Amino acid sequence: MNATLLSSDEITAIRKALDTYLWPEAAAVDALYTVQLRHGWIDDGRLEAVAELLDLSPAYLDSLATFYPLLHRKPVGRKIIRYCDSVSCWLMGSEALAASLRKRLGIEEGETTPDGAYTLLPHPCLGACHQAPVAMVGDRLLTGLDPADPDALLEEGDGD
Ligand code: FES
């Protein structure tokens, strides 16, 4: 294992997750999130190191990390903009919101602005359907957004 890629704190946290759950598969998301919290994303080397610690295959961990939208397999910006990409928000203009964000930031979904400030991602229902359209900027949930005003979203999301 290339254990040098993981800090002793990460290894301790992953072993604690292993002790907490009955199966290593159940500890896998916690283990991957531990790595992401420190590094911002999960690179191949660290994913392989986690796989070895959990005695799981790297392919299995990669399938988890690419399935869950809160885990990242490539570098992301300092803030992630997650616009809701589900039915209530579609009805209230989320596609127009996404288009105005793409144009304003000059990036497509999954990309990061050249200055590293923002990554744009669609996200399944953010749980505030009655206030659609909604988005998250970092940890901040923004509701009742104007799809034609991406600057208002960026300003409001700048408060963290
Ligand atoms: S559909 Fe957008 S928050 Fe639920």
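# A briefing on one predicted chain

Glu-10 is found in helix H1. The chain has 160 residues, and 42% of them count as buried. Its secondary structure comes to seven helices and four strands.

**The chain as a whole**

- The C-alpha trace spans about 50 × 30 × 25 Å along its principal axes.
- How many of the contacts between residues at least 6 apart in sequence join residues at least 24 apart? The share is 57%.

- Is Glu-10 buried or exposed? Glu-10 is buried, because its relative accessible area is 3% and the cut-off for buried is under 20%.
- Arg-38 has a relative accessible area of 53%, so Arg-38 counts as exposed, the cut-off being over 50%.
- These two side chains, of Glu-10 and Arg-38, meet in a salt bridge with an N to O distance of 3.9 Å.
- Apart from neighbours within four places in sequence, Glu-10 is in contact with Leu-5, Thr-34, Val-35, Arg-38 and His-39.

- Asp-62 is in helix H4 and Arg-73 is in the loop between H4 and E1, so here the parts tied together are 11 residues apart in sequence.
- Asp-62 counts as partly exposed, because its relative accessibility is 28%.
- Which residues do the shared partners join into one network? They are Asp-44, Asp-62 and Arg-73.

**The nonpolar cores**

- The largest nonpolar core has 19 residues, and those with the most contacts inside it are Leu-6, Ile-14, Leu-32, Val-50, Leu-54 and Leu-61.
- Helices H1, H2, H3 and H4 each supply at least two residues of this core.
- Which helix gives the largest share of this core? The answer is H3, with six residues.
- A second, separate core has 16 residues, including Ala-98, Leu-101, Ile-107 and Tyr-118.
- Going back to Leu-32 and leaving out neighbours within four places in sequence, its contacts are Ile-42, Leu-47, Val-50, Leu-61, Leu-64, Ala-65 and Leu-71.

**How H2 and H3 pack**

- Two packed helices are described by the angle and the distance between their axes.
- For H2 and H3, the axes come within 10 Å and cross at roughly 145 degrees.
- The crossing of H2 past H3 is right-handed.
- On the H2 side, the contact is made by Pro-24, Ala-28, Ala-31, Leu-32, Val-35 and His-39.
- On the H3 side, the contact residues are Arg-46, Leu-47, Val-50 and Leu-54.
- Sorted by class, this contact of H2 with H3 has eight nonpolar, one polar and one charged residues.

- Arg-82 is found in strand E1.
- With a relative accessible area of 8%, Arg-82 is buried, because the cut-off for buried is under 20%.
- Beyond its neighbours within four places in sequence, Arg-82 is in contact with Pro-69, Leu-70, His-72, Leu-121, His-123, Leu-126, Ala-135 and Met-136.
- How far apart are the C-alpha atoms of Arg-82 and Ala-59, which are 23 residues apart along the chain? They are separated by 26 Å.

Key
Residues numbered from 1 in each chain as written. Predicted model: local features only at pLDDT ≥ 70, side-chain atom pairs only at ≥ 80, totals over all residues. Heavy atoms only, no water. Salt bridge = Lys/Arg side-chain N within 4 Å of Asp/Glu carboxyl O. Buried < 20%, exposed > 50% of the residue type's maximum accessible area, 1.4 Å probe, protein only. Core = buried A, V, L, I, M, F, W, Y, C linked by side-chain atoms within 4.5 Å. Contact = heavy atoms within 4.5 Å. Axes fitted to C-alpha atoms, helices over the stretch in contact; angles between N-to-C directions. Left-handed = near helix turned anticlockwise from the far one by under 90°. Nonpolar A, V, L, I, M, F, W, Y, C, P; charged D, E, K, R; others polar.
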